[in-house]
Amino acid sequence: MTIISLPGSSGYLNPTPGKKVTYFSNRYVLGLTLTAGIGGLLFGYDTGVISGALLYIRDDFQEVNNNNFLQETIVSMAIVGAIIGAAVGGWMNDAYGRKKATLIADVIFAIGSIVMAAAPNAYVLIIGRLLVGLGIGAASVTAPVYIAEASPSEIRGGLVSTNVLMITSGQFLSYLVNLAFTEVPGTWRWMLGVSGVPAVIQFFLMLFLPESPRWLYMKNEKSEAIAVLAKIYDPDRLEEEIEQLSVALEEETLSKSSVKYGDVFKSKEIRLAFLAGAGLQAFQQFTGINTVMYYSPTIVQMAGFRSNKLALLLSLIVAGMNATGTVLGIYLIDRFGRRRLALSSLTGVIISLIVLSGAFFLQSSHSLSEICDTVLHDNCQSSSGWFAIAGLVLYIAAFSPGMGPVPWAVNSEIYPGAYRGVCGGMSATVNWVSNLIVAQTFLSVAAGVGTASTFLILAGVAVVAFVFVLAFVPETKGLSFEQVERLWQERAWGSSYERESLLESSRNGV
């Protein structure tokens with residue numbers, strides 16, 4: 001693969017010094033980000049709303065109430081759809097563009113919402129859940145890529161993390177909607193059907209927004225791409241961005257015009273990038289976040305708080321903290337860096353999971369009744385319960401600013417343009433498969449080995465994740481897409497690659 005170097009410290013042009021770029025300095029970019037982020041809102045809302053809706057679905061459909069497998073299928077079918085949607089969405093992004101992929105996802109999601117709201121039985125409801133999942137999966141790939149390709153490199157991480165904020169806000173919103181519709185006739189139909197409204201809003205807003213400028217340029221629609229870039233960058237910076245796109249286009253023309261899934265594993269630098277991206281997505285799930293988000297009311301009750309109302313209230317607080325922590329992550333990710341933020345986050349996750357494990361160990365330990373006499377026993381149980389709540393709060397505080405946004409931000413920027421859709425789709429599929437595994441096994445594992453041991457296992461996974469980030473995830477803060485691509489090439493081939501690249505450039509008179 002031949003690279004033509006441009007002037008600059010790393011072979012590529014650096015951003016022009018001058019006016020500081022901030023998240024609010026360009027309303028056009030902010031508008032693109034928020035509109036694309038509605039896909040994240042759908043993602044978050046659907047993962048949260050089903051826990052409340054299922055209570056009322058069981059009341060309406062006797063076959064669901066008497067069949068645990070049907071209940072699990074209703075919950076997990078959206079995740080199955082998301083796995084398929086993410087895999088197909090990567091190809092759809094590259095073939096038809098980020099904008100069309102978003103529009104298609106919105107249509108599928110809206111249809112799924114209508115099917116769910118009107119479902120006459122559990123089996124039609126499952127079909128609706130599958131359709132909604134397909135839309136969520138496609139959106140989970142498309143939104144981060146679309147935002148990243150329209151963002152200046154200095155604030156790209158924060159803007160992509162806005163999509164994660166929309167996810168966590170969607171989860172929080174779902175808890176509020178669940179509470180709002182508890183006394184309304186057709187409760188669960190409203191809970192599930194209302195999710196189609198944001199999809200329709202996003203569809204019409206996207207009609208007025210452009211295609212990703214990088215995708216347009218790579219498809220040789222240069223005039224349209226430049227027109228979009230002109231709304232994002234000032235004239236001096238615009239020239240540099242166009243020059244970098246020209247280099248990227250020439251490189252991809254020299255390699256291949258169409259990328260297939262198997263091609264990801266043929267190139268060493270792409271393999272390394274995919275390992276880092278997919279690994280982060282897997283560890284995001286296997287360190288337990290959706291254990292907490294899907295089962296927080298159950299965990300609260302496991303800790304000794306038997307009141308349903310209190311469990312839901314504490315779960316609402318957990319969801320609110322998750323959204324608040326994501327805002328902090330948006331602020332830190334372009335200042336602190338992706339790698340350092342992930343490592344700091346994982347450190348807090350490890351500590352909090354150990355705290356949770358200790359709380360449940362104390363609660364279940366025979367020594368508890370030996371230490372406490374009959375009069376004080378309830379107070380001891382209450383203390384261990386609040387100890388567990390403290391661990392839960394610490395977990396969310398540690399996870400949400402780091403391991404929440406970092407995997408999505410990194411995956412939106414570490415792949416070359418020709419591979420961005422395919423690799424992004426594959427890594428998102430890894431995320432959803434990992435999500436499904438965690439969601440389907442947590443309660444069974446907790447029943448088998450105990451809640452304390454389950455959280456200790458998750459802590460061990462978090463330790464492995466920490467080592468993985470140290471070994472395989474480079475820092476990409478502030479780098480252009482071309483600089484990130486060069487980073488992987490140098491990691492794959494060593495310093496000799498840079499010397500050969502410079503020699504090739506000199507031979508070509510560049």
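Predicted model: local features only at pLDDT ≥ 70, side-chain atom pairs only at ≥ 80, totals over all residues.
# Close-up views of a helical chain

Figure 1. Residues are numbered from 1 along each chain as its sequence is written, and side-chain values use heavy atoms, with hydrogens and water left out. Thr33 sits in helix α1, residues 27-60 (helices, H or I of at least four residues, and strands, E of at least two, are DSSP runs numbered from the N terminus). With a relative accessible area of 2%, Thr33 is buried (buried means under 20% relative accessible area, exposed over 50%, and partly exposed in between, with a 1.4 Å probe and protein chains only). Beyond its neighbours within four places in sequence, Thr33 is in contact with Ile147, Leu159 and Thr162 (contact means heavy atoms within 4.5 Å).

**Figure 2. The chain as a whole.** Here is the setting for the other views. The chain has 22 helices and zero strands. Of its 510 residues, 57% are buried. Take the contacts between residues at least 6 apart in sequence: 83% of them join residues at least 24 apart.

**Figure 3. The salt bridge between Asp46 and Arg129.** Side chains of opposite charge can pair when their charged atoms come close. The side chains of Asp46 and Arg129 do so in a salt bridge of 3.0 Å, N to O (a salt bridge is a side-chain nitrogen of Lys or Arg within 4 Å of a carboxyl oxygen of Asp or Glu). Asp46 belongs to helix α1 and Arg129 to helix α5 (residues 122-149), so the pair ties together parts that are 83 residues apart in sequence. Both partners are buried: Asp46 has a relative accessible area of 3%, and Arg129 has 1%. By the same rule, the count comes to 11 salt bridges.

Figure 4. Glu149 and Arg420 meet through their side chains in a salt bridge of 2.7 Å, N to O. Because Glu149 lies in helix α5 and Arg420 in helix α19 (residues 417-449), this pair ties together parts that are 271 residues apart in sequence. Glu149 is buried at 4% relative accessible area, and Arg420 is buried at 1%. Asp94 and Arg98 join Glu149 and Arg420 in a network of salt bridges.

**Figure 5. Arg237 with Glu154.** A salt bridge of 2.9 Å, N to O, links the side chains of Arg237 and Glu154. Arg237 is in helix α11 (residues 235-255) and Glu154 is in the loop between α5 and α6 (156-180), so the pair ties together parts that are 83 residues apart in sequence. Arg237 counts as buried at 6% relative accessibility, whereas Glu154 counts as partly exposed at 26%.

**Figure 6. The largest nonpolar core.** This core has 80 residues, and Val264, Leu353, Tyr395 and Val469 touch the most other members (a nonpolar core is a set of buried Ala, Val, Leu, Ile, Met, Phe, Trp, Tyr and Cys residues joined through side-chain atoms within 4.5 Å). Helix α15 (residues 338-364) gives the largest share of this core, 10 residues. At least three residues come from each of domain 1 (26-209) and domain 2 (263-497), with bounds from an automatic or database domain assignment. Apart from this core lies another, of 39 residues, including Phe181, Trp188, Leu192 and Trp408. For a closer look at Val469, find its contacts with Leu280, Arg339, Ala342, Leu343 and Leu346, not counting residues up to four places away in sequence.

**Figure 7. Lys477 in a loop.** Lys477 is in the loop between α20 (451-472) and α21, and is partly exposed, with a relative accessible area of 36%. The side chain of Lys477 reaches the backbone oxygen of Arg335 at 3.2 Å. Lys477 also lies 6.4 Å from Arg338, C-alpha to C-alpha, although the two are 139 residues apart in sequence.

**Figure 8. Helix α21.** The 13 residues of α21 (481-493) reach 19 Å from first C-alpha to last, close to the 18 Å expected at 1.5 Å a residue (the expected span is 1.5 Å times one less than the number of residues). Since 10 of these 13 residues are buried, α21 is largely enclosed by the rest of the structure. Among the buried ones are Phe481, Leu487 and Trp488. Gly494, with a positive phi near 80 degrees, follows α21.

Definitions and conventions
Polar contact = N/O pair within 3.5 Å; in protein donor to acceptor, adjacent residues only side chain to side chain.
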